Amino acid sequence: MPPLAAAAAEMLVLCSNDYLGYAGLPWPSECRAASGAGASRLVSGTHEAHLVAEREIASWLGVEATLLFSSGYAANVGAVTALARPGDVVVSDALNHASLIDGCRLSGARIEVVRHLDTEAVEQALLRGASARRRWVVTESLFSMDGDTPDLRRLRELCDAHDAALVVDEAHALGICGPRGTGLCAEMGVRPDVLVGTLGKSLGLHGAFVAGSSTLRTYLWNRARSFVFSTGISPKVALAAVDRVRRAAADDAGRARVAAAARQLRSGLRAMGAPLLPGSAGPILPWILESAGAAVEMSKRLAHEGVLVQAIRPPTVPAGTSRLRITASALLSEADVDRALAAFRRAVR
Ligand SMILES: Cc1ncc(COP(=O)(O)O)c(C=O)c1O
């Protein structure tokens with residue numbers, strides 16, 4: 001085992017995306033699917049398990065269809081490059097995940113990077129793109145590093161008013177937000193044109209999917225290069241995803257536990273004067289430190305106390321905003337959070 005994994009096994013982990021604590025679960029006992037797809041899905045790599053999982057996720061989210069990808073990175077790059085083209089305008093939040101940024105860049109479309117969460121700026125960019133072939137607004141629902149949320153209803157209104165399509169990456173919201181864990185769009189009553197979700201965060205596996213209309217699925221099947229030119233996701237993982245989706249849909253207790261751990265952490269950290277990003281809510285608690293060095297030093301001190309919180313530095317986050325990205329999980333008991341808070345207090349001293 002590499003040193004970090006060995007250490008993490010002994011430590012209290014407060015920086016994973018395993019919000020519901022499913023990553024450590026064994027394979028479901030009835031998971032009898034092939035281990036490998038054997039080829040691209042378009043060749044001989046489509047197994048019954050893929051189709052079952054795609055239908056299960058579609059029914060969970062209340063969409064017509066979904067398409068599995070081998071990772072969230074591949075899903076975002078594949079979807080955005082397949083959909084947006086030269087002559088289009090893509091309006092992209094300044095803090096979008098690298099996979100969305102790379103998708104925008106590879107698409108050849110004109111990119112309008114707008115200030116984080118600034119819907120006014122989105123509107124201006126859409127107006128500037130009025131004569132473009134197509135307009136796309138691309139955002140995360142729960143931002144991975146800042147733990148905040150755009151006004152999804154306003155973005156939907158703007159897209160409708162300006163004949164634009166809304167692409168929402170729900171990687172961090174699925175499983176923990178919305179009715180039956182169906183995400184922030186569902187919670188806000190917003191229907192994106194393209195929804196991206198991952199299997200590697202709350203669902204505790206790896207892989208991802210794009211959800212939307214049947215036409216979208218067919219289009220991506222044929223045009224998303226990270227799907228077409230890549231071996232299909234393991235059928236075993238796909239079948240396990242069916243179990244994880246059912247489990248997550250029913251897991252209100254897990255969601256309540258994540259929320260309780262997040263509340264306890266947030267109030268304990270605020271009480272010790274930690275400068276948490278004011279807009280953050282839910283399970284992601286960004287503690288902004290002055291410099292990358294300060295973030296690394298805090299992370300080292302916490303590790304010494306048996307608490308794993310990695311320092312997040314540029315280029316993952318903008319210069320001057322290095323941070324500890326602290327995350328809550330259903331695996332943390334009240335006593336664990338107390339122990340973590342005590343470690344934070346000693347590390348600050
Ligand atoms: C918002 C967001 N989208 C996509 C991804 C990529 O997902 P994956 O790890 O499955 O490639 C991540 C992962 O960190 C993410 O935070």
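This is a predicted model: local features need pLDDT of at least 70, side-chain atom pairs count only at pLDDT 80 or more; totals for chains, interfaces and linings use all residues.

Q: How many residues surround the ligand, and which are the closest?

A: The ligand is surrounded by 14 residues. Ser71, Gly72, Tyr73, Ser144 and Ala171 are the closest.

Q: Which element gives the largest share of the shell around the ligand?

A: Helix α3, residues 72–83, gives the largest share, with three residues.

Q: Let us turn to helix packing. At roughly what angle do the axes of helix α5 and helix α6 cross?

A: Angles under 35 degrees count as roughly parallel. The axes of α5 (residues 119–128) and α6 (residues 152–161) cross at roughly 10° and come within 10 Å. The two helices are therefore roughly parallel to each other. The crossing in which α5 passes α6 is right-handed.

Q: Which residues make the contact of α5 and α6?

A: On α5 the contact is made by Thr119, Val122, Glu123 and Leu126, and on α6 by Arg154, Leu155 and Leu158. By class, the residues of this contact divide into four nonpolar, two charged and one polar.

Q: The backbone is next. Where does leucine 117 lie, and what is its phi?

A: Leucine 117 is found in the loop between β4 (110–114) and α5. Its phi is near 70°, which is a positive value in a residue other than glycine.

Q: Why is leucine 117 classed as partly exposed?

A: A residue is buried if 20 or more other C-beta atoms lie within 10 Å of its own, exposed if 12 or fewer, and partly exposed in between. Leucine 117 has 19 other C-beta atoms within 10 Å, so this residue is partly exposed.

Q: Is aspartate 163 buried or exposed, and where is this residue found?

A: Aspartate 163 is exposed, because 10 other C-beta atoms lie within 10 Å. This residue is found in the loop between α6 and β6 (164–169). The phi of aspartate 163 is near 50°, again a positive value in a residue other than glycine.

Q: Finally, is the peptide bond from proline 314 to proline 315 cis or trans?

A: The omega angle gives the reading. For the bond from proline 314 to proline 315, omega is near 10°, and the bond is cis. Proline 315 lies in the loop between β11 (311–312) and β12 (323–327).

Key
Residues are numbered from 1 along each chain as its sequence is written. Axes are lines fitted to C-alpha atoms, for helices over the stretch in contact, and angles run from 0 to 180 degrees between N-to-C directions. Helices (H or I, at least four residues) and strands (E, at least two) are DSSP runs, numbered from the N terminus. Angles under 35 degrees count as roughly parallel, over 145 as roughly antiparallel, 65 to 115 as roughly perpendicular and the rest as oblique. A crossing is left-handed if the near helix is turned anticlockwise from the far one by less than a right angle, and right-handed if clockwise. Two residues are in contact if their C-beta atoms, placed from the backbone, lie within 7 Å. Ala, Val, Leu, Ile, Met, Phe, Trp, Tyr, Cys and Pro count as nonpolar, Asp, Glu, Lys and Arg as charged, and the others, Gly among them, as polar. A residue is near a molecule or strand if its C-beta atom, placed from the backbone, lies within 6 Å of it.
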